[in-house]
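Please go through the side-chain contacts of this chain.

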Amino acid sequence: MKNIMLILVVLTLISCKSKEGGYVCTPCDLPCDGIAFSEAGICPHCNMALIKQSDLQKEKELKVNKIDIQEGSGVFLIEGGNGKKGNSIKVYYHRPKNFKSDSKVLLVIPGAGRNGNSYRDAWIKESEEYGVLILSPMYAEEDYAFEDYHLCGLMYDLNLKNSIDRIEGTNIVKLDETKLTYKVNENRKQWIFEDFDRIFDLTVKAINSEQTKYDIFGHSAGGQILHRFALFQPDSKADRILASNSGFYTLPDFNTDLPFGIKNTPLNQQDLKSSLSKKLILFIGELDNANETGGTLLRSVTADKQGLHRFERALYFYNQTKAIAEEKEFNFNWDLKIIPNVGHNHIKMGDAAAEYLYANRNE
């Protein structure tokens, strides 16, 4: 029986082969390594993200902080930020044919899959259409745990193993907040947000760009990162911040602990005033509701106060923050955009984001 199963696996792998120049799975020391696929996506055998064969060869030759951005798609490597300098971050890019020194720069922050390659690929059409340089960083899960990525390095020493329970057959993860322990990281330089300006600065220097600001889009876990980015890093060089389909939110509430509020964080009222003046646009798919099974949805006592699904939680976050701004008489420059007929889909949300940012716009 084992021999029969092995033969079936081999035949399946062979059937997946495509022409040269296709896609291969991220190296995982399994038989599917090196098998070529015709389209980008997820390897059906090991569930790793598929990458272009040309990217794989280039990745083997990468040197940290040696940035060479040629026309078309590619990848470069930068060192990790403070507290992570021993690690590295791959940045997948697409430079359009009509790129000029004054062309826009867009950072695209992946979801929980950390698949910067396929997020980059999803923006190639828009990159060429609007002449926008795409940069999508990949944070390897072995180097950047949940607290480093989703929670942006704001917390550490999380006791997640003993406080969460995955509900089999669903996309739900339940959190027992009474068992959750952690420490607040007060060192702003160690938060993931520092990386975004650094990626931008290294890039504009390498390509002699005239840009002084960048746009940034993130979906799902990327959306979580970006609403926290606007909240905790108001002095960034980011211009328009599009946070799409976040699973749950950190509210600007000084009475609620992380990760749902900002109690005991280094933020103060002046920081909050600056944060609310940033151009944060909450993007939410109309169908990312109770019927959506894509992605992972956190359920807990405090998370459920925001709503029972992503659509409700986005509305709650926006309305609560707007009320706080009005109470404190702070300028409120955030916005909410509902994308009709779209659920938890980063490609369709990206299409809507590209149209919002660059179609018929001159700013």
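E186 is exposed, with a relative accessible area of 56%. Here buried means under 20% relative accessible area, exposed over 50%, and partly exposed in between, with a 1.4 Å probe and protein chains only. E186 sits in the loop between β11 (183-184) and α6 (193-207). Helices (H or I, at least four residues) and strands (E, at least two) are DSSP runs, numbered from the N terminus. Leaving aside neighbours within four places in sequence, E186 is in contact with N264 and P266; contact means heavy atoms within 4.5 Å. G153 is 33 residues from E186 in sequence, and the C-alpha to C-alpha separation is 9.6 Å.

The model is predicted: local features need pLDDT of at least 70, side-chain atom pairs count only at pLDDT 80 or more, and totals for chains, interfaces and linings use all residues. Residues are numbered from 1 along each chain as its sequence is written, and side-chain values use heavy atoms, with hydrogens and water left out.

**Salt bridges**

Side chains of opposite charge can pair when their charged atoms come close. A salt bridge is a side-chain nitrogen of Lys or Arg within 4 Å of a carboxyl oxygen of Asp or Glu. The count comes to 15 salt bridges. The table gives some examples.

| Pair | Closest N and O atoms |
|---|---|
| K125 and E129 | 3.6 Å |
| K183 and D157 | 3.4 Å |
| D195 and R198 | 2.8 Å |

K183 is partly exposed at 44% relative accessible area. D157 is partly exposed at 47%.

K125 and E129 are both in helix α4 (residues 124-130), four residues apart, about one turn of the helix. K125 is exposed at 60%, and E129 is partly exposed at 46%. D195 and R198 are both in helix α6, three residues apart. D195 is buried at 4%, whereas R198 is partly exposed at 22%. Elsewhere, R299, D304 and R313 are linked in a network of salt bridges.

**Aromatic rings**

Rings of Phe, Tyr and Trp (its six-membered ring) pair if their centres lie within 6.5 Å; planes under 30 degrees apart count as stacked, over 60 as edge-to-face and the rest as tilted. By this rule there are 17 aromatic pairs. F283 and Y356 have ring centres 5.6 Å apart and planes at 75 degrees, so the pair is edge-to-face. F283 is in strand β14 (residues 279-285) and Y356 in helix α11 (residues 346-358), 73 residues apart. Both F283 and Y356 are buried. F332 and W334 form a tilted pair, 5.9 Å centre to centre with 40 degrees between the planes. W334 is buried at 4% relative accessible area. Ring pairs also link W191, F193, F196, F229 and F232 into a cluster.

**Nonpolar cores**

A nonpolar core is a set of buried Ala, Val, Leu, Ile, Met, Phe, Trp, Tyr and Cys residues joined through side-chain atoms within 4.5 Å. The largest has 68 residues, of which F196 and I216 touch the most other members. Helix α7 (residues 221-232) gives the most to this core, with seven residues. Not counting residues up to four places away in sequence, I216 touches residues including F196, F229 and R240. A second, separate core of 20 residues includes V132, F217, I339 and A354.
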